[in-house]
Amino acid sequence: MSHRYLHSLLAAVAIIAMVCVPANADPLPGEVLKFQQLPLNNGLPPGNPNTYANYPGHDEWSTARSTLPPANFDFAGTFMADDFADKFSTPVVHVRWWGSYENNINQGLAQRFLISFESDLPNDPLIGASRPDQPLLNQIVKEGPLAPGSGTFTEKLVNPAVNEHLWEYNAELALPFQQKPDTVYWLKIVALNDPNVDNGAFNWGWHNRDWGTPNPLASTAPNVAPGEGIIGSVINPNGTSDPVWHFQDDAVSGLVFVNANATGVQIQQTGYKPENYIAIAGAPPIDGPPGIENFSKDLAFELYTVPEPATVLLFGAGAAGLGLAAWKRRRPRLSA
């Protein structure tokens, strides 16, 4: 092995170590972070430990329940979805996300999740914003130990707060999502609840993003517009003016119908609605100070891949360079 090759290999390994940022062992060895929107979490890691310490964030319900008696679908309910685009052509093999249960249940209940990667409809005139379009890869992950391609997920309590018990989820996809670089896709995650198997009915919600923390791994290609950037600012109780970071367009809610059979997983969806952050006058802060409700929300999730050797240096460059300019959203929002 030449000294030049050894130097390049060591540099690549160092870059992987910087990019992967594992807080625990849930992403498997060799899996590298490629897209990241951290959760609002009362300033607890992963999240901003300073300015945003008083903002727990909230969840939007994303739960479909089994239909009894069986109808034309196996599960029906509500969904949340968020758009993403990164710079790499390597497939998504691992997904991490955050959420919680209705009534602040301090017990893990979910036994299966729908994870769906979908194409982007850039502008739906019915809602005045972009939304998920055609499902590209649907699969159901079940609770269990993680292994490459296992199609399983783990659930752990990361913040037993009084107002919300926040749970973290890690899933190894049975089928990797083969994405294109600099292309907008949508990620949909829905808890599938069968009350007869899951010890009763529950509602699960997907947690929102820490708007004070930028995502340097998001695509910066000209065709991904507006991309990741600052969409305005809010005034915190301490008098500071803080930027609101956001990627692309609104997270979207809607109705979802799921069929799971021998031919695979099929979904139907309708009733799309863009979602905003929440701030209630006179109530304890939820997503941020007054004014945050004027901004469309992102959801909290991370995507991981196993990169090819030739792309390792690109991951390092993506993680190191912010260089993100302010931009104008497709759907205008008021600034605080």
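**Aromatic pairs and nonpolar cores**

Me: Which residue lies over the face of F79?

Reply: K188 does, at 4.4 Å from the ring centre. A charge counts as over a ring if NZ of Lys or CZ of Arg is within 6 Å of the ring centre and within 35 degrees of the ring normal.

Me: What kind of model is this?

Reply: It is a predicted model: local features need pLDDT of at least 70, side-chain atom pairs count only at pLDDT 80 or more, and totals for chains, interfaces and linings use all residues. Residues are numbered from 1 along each chain as its sequence is written, and side-chain values use heavy atoms, with hydrogens and water left out.

Me: OK, aromatics. How many aromatic pairs are there?

Reply: The count is 21. Rings of Phe, Tyr and Trp (its six-membered ring) pair if their centres lie within 6.5 Å; planes under 30 degrees apart are stacked, over 60 edge-to-face, the rest tilted.

Me: What about F35 and F301, how do they pair?

Reply: They are stacked, 5.5 Å centre to centre with 20° between the planes. F35 lies in strand β1 (residues 32-37) and F301 in strand β16 (residues 301-305), so the pair ties together parts 266 residues apart in sequence. Strands (E, at least two residues) and helices (H or I, at least four) are DSSP runs, numbered from the N terminus.

Me: Is F301 buried or exposed?

Reply: Buried, with a relative accessible area of 0%. F35 is also buried, at 0%. Buried means under 20% relative accessible area, exposed over 50%, partly exposed in between (1.4 Å probe, protein chains only).

Me: And what does W206 do with F301?

Reply: Their ring centres are 6.1 Å apart and the planes are at 65°, so that pair is edge-to-face. W206 lies in strand β11 (residues 204-207), so its pair with F301 in β16 ties together parts 95 residues apart in sequence. W206 is buried too, at 0%.

Me: Which residues form the aromatic cluster?

Reply: F35, F84, F117, F177, Y185, W206, F247 and F301.

Me: Switching to cores. How many residues has the largest nonpolar core?

Reply: It has 37, and W97, F113, F117, L187 and W204 have the most contacts inside it. A nonpolar core is a set of buried Ala, Val, Leu, Ile, Met, Phe, Trp, Tyr and Cys residues joined through side-chain atoms within 4.5 Å.

Me: Which element gives the largest share?

Reply: β9, with five residues. Apart from this core lies another, of 16 residues, including A64 and V258.

Me: How many helices and strands does the chain have?

Reply: Two helices and 16 strands. Buried residues make up 54% of the 336 residues.
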